[in-house]
Amino acid sequence: MGEKVVAGPFGLSDRQHYRDKLRQCLAGLARLLEEKRFDRPKNMMGVEIELNLVGADGLPRMLNSQVLERIASRDFQTELAMFNLEVNIAPHRLGGRVFDRLSEELRTSLNYANRKAGELDAGIAMIGILPTLDRDDLVSSNLSDGDRYALLNDQIVAARGEDFTLDIEGVERLLCTSKSIVPEAACTSVQLHLQVTPGRFADVWNAAQAVTAAQIAVGANSPFLFGRELWRESRPPLFLQSTDTRPPELQAQGVRPRTWFGERWISSAYELFEENLRYFPALLPICDDEDPLRVLDEGGIPKLAELSLHNGTVYRWNRPVYGIADGVPHLRVENRVLPAGPTVTDVIANAAFYYGLVRALAEESRPVWTRLPFEAAAANFDAACRYGIDAQFQWPRRGRYGGVGPVDAVNLVRDELLPLAEAGLDAWGVEPADRDLYLGVIEERCRRRVNGASWQVETFHRALRKGIGREAALAATTRRYCELMHSGDPVHTWPVGLPEPVPLLG
């Protein structure tokens, strides 16, 4: 959303002025595309991970500003709530031993951050939703310091005009209301960036949309919220509902939510930015002094600040990103579908699977999106979030008759998608040792039908069967998760259940 925004009241003319600036930015983007001003292929990728701060008791700690002071690194920054941090890994070129290098950098960064958090009796947890979060933790008084968070909250609340309703029907049902967007802070994610040329953008974005369901099936890690067992990956419905500016009447009219899977395959990056302007009113109508068309006329590269800010308030699961590096503009696909964790190895395995898969699918002669209805891709995403590794999808059949048919997620991943990911990583020039190690993690999850969500749920239920109360079982599961997370072994190797003896709380 941008590092700095300045809070202030918006007048009646501000949104109109901002809309005009957005149109200028969109025209500037069209000219940049037409004039072929974008960067050449560089095979660059990047990773961001959102984190939780927890105490030795497994409960959240509202300490991010104090922890950041101690970390004192530009790689770390705040996120929405005081128990959140985000770590950014510098961009890398895909190829060679890139995944081992990423793994080493992430371990070093997270271990350092964990030591610094330990000085305040806290620790770092990589998990999709912290199981011990309580409704009282997710209130506006726990927003991170900084104008941008308060301003974004105020604008979404004003646009909605009433309390937010959280209604998620999963294994159990959660039904509650919130006066702010802070419940969205429960969602801690991994964002995978891939720089692409304009000519390749649509194929990569379409490929990423097609495989979001498979990513979630093998990577789900968010089964609990507010003490309830919900979906295996509860972040998407929580994110949608906690940022939903639409009251029920607008939902009934078919107005699109700001957290959005999309509704069609695309043929250019421009279409996504244009959709943003057409469908979504400005939340933060903050205007830059730049005249993007004049900058272009003078031979410069415009920042397109309003376009980028507006894009940051539309929460697509695969988001287009316009950026400038070394004075040259570029486009990225930002894949936002994965939860954080469980371990660094798991995060890197998820990344290797994704980068290999989108490369192979984007280069197929009969791309999957020409054979899979977009509605089926959206339904697959929903099924993956609900059922995780036990999901069933609709997928194009092999063979001369074609069509779409049902397939178990694990069979699809093992039989069809992993070989594609392997070919894609080979095309990127990734070393076979890296390729086999990290895709092997995905294969083992499928073979054992284990991911972070299934481990959490099974460990929690074993604790319940031992007679431990729900709150204590969730706290004990969280503590055990953190212990195994820091050991570094991938989640499919984790022993299920709690070590003996289990300390009983409450």
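**Before you start**

Residues are numbered from 1 along each chain as its sequence is written, and side-chain values use heavy atoms, with hydrogens and water left out. In this predicted model local features need pLDDT of at least 70 and side-chain atom pairs count only at pLDDT 80 or more, while totals for chains, interfaces and linings use all residues.

**Stop 1**

Select residues 164-169, strand E5. Helices (H or I, at least four residues) and strands (E, at least two) are DSSP runs, numbered from the N terminus. In a regular strand the side chains alternate between the two faces of the sheet. In E5, Phe164, Leu166 and Ile168 form the covered face. Thr165, Asp167 and Glu169 form the uncovered one.

Strands pair if DSSP finds at least two bridges between them. Which residue of E6 is the bridge partner of Ile168? Pick Leu174.

Now show the side chains of Asp167 and Arg173. They form a salt bridge, with the closest N and O atoms 2.8 Å apart. The term means a side-chain nitrogen of Lys or Arg within 4 Å of a carboxyl oxygen of Asp or Glu. Asp167 is partly exposed at 31% relative accessibility, and Arg173 is partly exposed at 40%. For these labels, buried means under 20% relative accessible area, exposed over 50%, and partly exposed in between (1.4 Å probe, protein chains only).

**Stop 2**

How many salt bridges does a search of the whole structure find? It finds 40. Side chains of opposite charge can pair when their charged atoms come close.

- Select Asp39 and Lys42. Their side chains meet in a salt bridge at 3.4 Å, N to O. Asp39 is buried at 11% relative accessibility, whereas Lys42 is partly exposed at 30%.
- Select Glu444 and Arg447. Their salt bridge is 2.9 Å, N to O. Both sit in helix H14 (residues 432-448); because they are three residues apart there, about one helical turn separates them. Arg447 is partly exposed, with a relative accessible area of 48%.
- Select Arg31, Glu35, Arg37 and Asp297. Salt bridges link these four residues in a network.

**Stop 1: the second largest pocket**

Centre the view on Thr132, Leu133, Asp134, Glu471 and Leu474. Of the 23 residues that line the second largest pocket, these lie nearest its centre. E6 and helix H16 (470-487) are the elements that give two or more residues to its lining. H16 gives the most, with five residues.

The pocket holds about 410 Å³ of space. A pocket is found on a 1 Å grid over the protein atoms alone, as an open set of points where a 1.4 Å probe fits, with protein on both sides within 12 Å along at least five of seven lines; lining residues have an atom within 4 Å of a point. Grid points are joined across faces, edges and corners, and the volume is the space filled by probe spheres set on the points.

Colour the lining by residue class: 12 are nonpolar, three polar and eight charged. Here Ala, Val, Leu, Ile, Met, Phe, Trp, Tyr, Cys and Pro count as nonpolar, Asp, Glu, Lys and Arg as charged, and the others, Gly among them, as polar.

**Stop 2: the kink in H13**

Select residues 409-428, helix H13. Where does the kink lie? Look at Leu417, shortly before the proline Pro419, for a kink of about 45 degrees. The bend at a residue is the angle between axes fitted to the seven residues ending there and the seven starting there. Leu417 is among the buried residues of H13, as are Glu416, Leu418 and Trp428. Step on to Gly429, which follows H13 and has a positive phi near 85 degrees.

**Stop 5**

Select Gln155 in helix H4 (residues 147-160). Gln155 is buried, at 14% relative accessible area.

**Stop 3: backbone details in loops**

Select Gly341 and Pro342. A cis peptide bond joins them, with omega about -5 degrees. Pro342 lies in the loop between strand E13 (328-339) and helix H11 (344-362).

Next, pick Ala72, in the loop between helix H2 (64-71) and strand E2 (76-78). Its phi is positive, near 50 degrees, in a residue other than glycine. Ala72 is exposed at 63% relative accessibility.

Finish at Asp326, in the loop between strand E12 (318-325) and E13. Phi of Asp326 is positive too, near 55 degrees. Asp326 is exposed, with a relative accessible area of 79%.
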